[in-house]
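Reader: I would like to go through a few local features of this model with you, step by step. Could we begin with the surroundings of a single side chain?

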Amino acid sequence: MNLLAPLSHAFFVNALLAGTAIAAACGLVGYFLVLRAQVFTSDALSHVAFTGALAALAFGLNPLIGLFTATIAVALLMGVLGRRGQADDVVIGNIFAWILGLGVFFLTLYTTSRSTANGSAGVTVLFGSIFGISAAQARLAALIGAIVCLLLLAIARPLLCASLDPAVAAARGIPVRFLGFAFLALAGACTAEATQAVGALLLLGLAAAPAGAAHRLTTRPYRALALSAALAVSAMWAGLGLSYAVPVLPPSFAILAVTTTSYALVLGGTAKSRTPRSRAALPEAG
């Protein structure tokens with residue numbers, strides 16, 4: 001099989017362009033989600049993305065408007081209701097339940113009033129349709145993904161300090177609360193953009209699995225940050241290639257299958273390698 005054959009198809013090139021930027025953004029944002037113990041935030045925002053897109057569709061608007069407005073607004077709301085601009089599980093759980101209820105309402109409204117115009121839109125939001133995006137959509141996705149990456153890298157150093165020890169960071173004059181809001185806004189934007197690739201239901205895997213694997217492979221934060229992005233991009237490329245080679249596999253499933261398998265391999269490998277060392281490191285009695 002010619003490995004360059006997929007590049008002769010415009011739909012694959014568009015998916016590769018958009019997917020690379022989206023995966024890189026998910027890898028970077030995902031690492032801080034894992035580091036800050038906010039993975040549940042990503043799960044909640046993925047459902048917010050679904051509700052926002054359906055709300056826009058129900059009112060005859062572009063679903064992207066609903067995606068970005070809802071995810072960023074709710075992400076900031078989580079920060080307001082949480083502590084130090086960081087959402088906690090109680091806040092996320094309550095918003096989660098409220099958003100799911102709104103999602104049911106907008107789904108009913110959309111299917112009874114406007115679904116005849118685009119009956120597959122709801123399914124697309126849930127499961128993604130990266131092979132169906134146009135060249136213009138791919139360029140926009142790449143631009144947004146690049147902006148998210150650049151903004152996150154710009155605040156990475158103070159955000160890292162604020163994530164590891166908020167009290168010390170605040171004592172040093174680092175704006176911990178502002179950084180928390182900025183990160184949540186970036187997480188919301190990343191969620192909205194990634195929904196186009198893997199869908200709202202499967203988005204958590206692309207944000208959490210590469211970051212979780214990187215977190216286990218190295219304790220150096222900047223190396224882990226780069227590794228998380230690299231693993232996410234690699235999984236995107238492998239998933240797209242696998243879906244192209246085996247058309248029966250949806251691209252979103254193939255991408256998530258690669259990320260999950262990679263994390264499982266890393267989990268198994270690090271568990272085996274750490275056990276002997278951890279036992280050897282125990283101090284002797286007496």
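Reader: Leaving aside neighbours within four places in sequence, which residues is Thr259 in contact with?

Author: In this predicted model, Thr259 is found in helix α12, which spans residues 251-280. Once neighbours within four places in sequence are set aside, the residues in contact with Thr259 are Gly205, Leu206, Ala209, Pro210 and Ala235.

Reader: Does Thr259 count as buried or exposed, and which residue's backbone oxygen lies 2.8 Å from a polar atom of its side chain?

Author: The cut-off for buried is under 20% relative accessible area, and Thr259 counts as buried because its relative accessibility is 2%. As for the polar atom of the Thr259 side chain, the backbone oxygen lying 2.8 Å from it belongs to Leu256.

Reader: What separates the C-alpha atoms of Leu67 and Gly52?

Author: Leu67 lies in helix α3, residues 63-81, and counts as buried, because its relative accessibility is 5%. Not counting residues up to four places away in sequence, Leu67 touches Gly52 along with Ala49, Ala53, Ala192 and Thr195. Although Leu67 and Gly52 are 15 residues apart along the chain, the separation of their C-alpha atoms is 5.0 Å.

Reader: Which helices each supply at least two residues of the lining of the largest cavity?

Author: A search of the whole structure finds one cavity of 30 Å³ or more, and the volume of the largest cavity is about 60 Å³. Its lining has eight nonpolar, two polar and no charged residues, among them Cys26, Ser42, Thr191 and Leu203. The helices that each supply at least two lining residues are α1 (10-35), α2 (39-58), α9 (176-198) and α10 (203-217).

Terms used
Residues numbered from 1 in each chain as written. Predicted model: local features only at pLDDT ≥ 70, side-chain atom pairs only at ≥ 80, totals over all residues. Heavy atoms only, no water. 1 Å grid on protein atoms, 1.4 Å probe; cavity = no way out; pocket = protein on both sides within 12 Å on 5 of 7 lines; lining within 4 Å. Points joined across faces, edges and corners; volume = space filled by probe spheres on them. Helix = DSSP H or I, 4+ residues; strand = E, 2+ residues; numbered from the N terminus. Nonpolar A, V, L, I, M, F, W, Y, C, P; charged D, E, K, R; others polar. Buried < 20%, exposed > 50% of the residue type's maximum accessible area, 1.4 Å probe, protein only. Polar contact = N/O pair within 3.5 Å; in protein donor to acceptor, adjacent residues only side chain to side chain. Contact = heavy atoms within 4.5 Å.
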